[in-house]
Amino acid sequence: MENQLNPLVDQYLLDGCMRCKYGATPQCKVLRWTEILEHLRQIALESDLKEEIKWGVPVYTYKEKNILTVSALKDCALLGFFKGALLKDEAGILEQQGNIQSSRIIRFQQLEKVERLNEFIRAYIVEAKAIEDAGKKVEFNKESLPIPEELETAFDQDETFRTAFFALTPGRQRAYIIHFSQAKQSATRHNRIEANKAQILEGVGLHDHYKK
């Protein structure tokens, strides 16, 4: 087992600490799970995946296709498969996050779980690579989502905003609606709409900056 992280992951740890109010303390959301992150990273590298930093987190690719990501939340470390919805998941270890249709995650709070699921994770990586070789894609549910009341109100107050929103591609509209709707409080939904209004008026999608 390698204990030395490469500079890419060192930077992730540093960036994570800078974003965390507990940065550089034992409570930092990244440092808290360092040992688990190291083990997950090693599994990915031993599976012949290429290590990169995308969107501020380590991403492991195969033939330039994203396979999985390793990251940390306050309460756990995460291993996420970009096309997890296509994995058979015979062990029943994958979890869907909210309304996200494609990816699936595994949460870790103890190193023992990483060791226990080691062979399953490696098998899932092999399957994920085969999915890319076969050119399989996730079929997204295109059913329209209900527009939150706060967004309807914003449309009523600004017809230009309404026009700009519906000029977005269906995928961009859906991403915004999901983002706004996931907030539990009406005030939070309103704040999210206001925070994204300028880029919607410019025709920019919620996740467009990730693709640059």
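**Exercise 1. Which residue of β5 stands opposite G80?**

Solution. The model is predicted, so local features need pLDDT of at least 70 and side-chain atom pairs count only at pLDDT 80 or more, while totals for chains, interfaces and linings use all residues. Residues are numbered from 1 along each chain as its sequence is written, and side-chain values use heavy atoms, with hydrogens and water left out.

Step 1. Helices (H or I, at least four residues) and strands (E, at least two) are DSSP runs, numbered from the N terminus. Strand β4 covers residues 77-81, and β5 covers 104-108.

Step 2. Two strands pair if DSSP finds at least two bridges between them. Strands β4 and β5 run antiparallel and are joined by 5 bridges.

Step 3. The residue opposite G80 is I105 in β5.

**Exercise 2. Describe the sheet and the helices that pack on it.**

Solution. Step 1. The sheet is open and has 5 strands in the order β1-β2-β3-β4-β5, with antiparallel pairing. At its edges are β1 (50-54) and β5 (104-108), each of which pairs on one side only. From one strand to the next, the twist averages 25°.

Step 1. Contact means heavy atoms within 4.5 Å. Axes are lines fitted to C-alpha atoms, for helices over the stretch in contact, and angles run from 0 to 180 degrees between N-to-C directions.

Step 2. Helix α2 (residues 34-46) packs on the sheet and touches β1, β2, β3, β4 and β5. The direction of α2 makes about 165° with that of β3. Helix α3 (residues 111-133) lies across β2, β3, β4 and β5, and runs at about 165° to β5.

**Exercise 3. Classify the packing of α4 and α5.**

Solution. Step 1. Helix α4 (residues 149-157) and helix α5 (residues 159-167) pack at about 120°, their axes 5 Å apart.

Step 1. Angles under 35 degrees count as roughly parallel, over 145 as roughly antiparallel, 65 to 115 as roughly perpendicular and the rest as oblique. Helices α4 and α5 are therefore oblique to each other.

Step 2. On α4 the contact is made by L151, E152, A154, F155, D156 and Q157, and on α5 by E159, F161, R162, F165 and F166.

Step 3. This contact of α4 with α5 has 6 nonpolar, 1 polar and 4 charged residues. Here Ala, Val, Leu, Ile, Met, Phe, Trp, Tyr, Cys and Pro count as nonpolar, Asp, Glu, Lys and Arg as charged, and the others, Gly among them, as polar.
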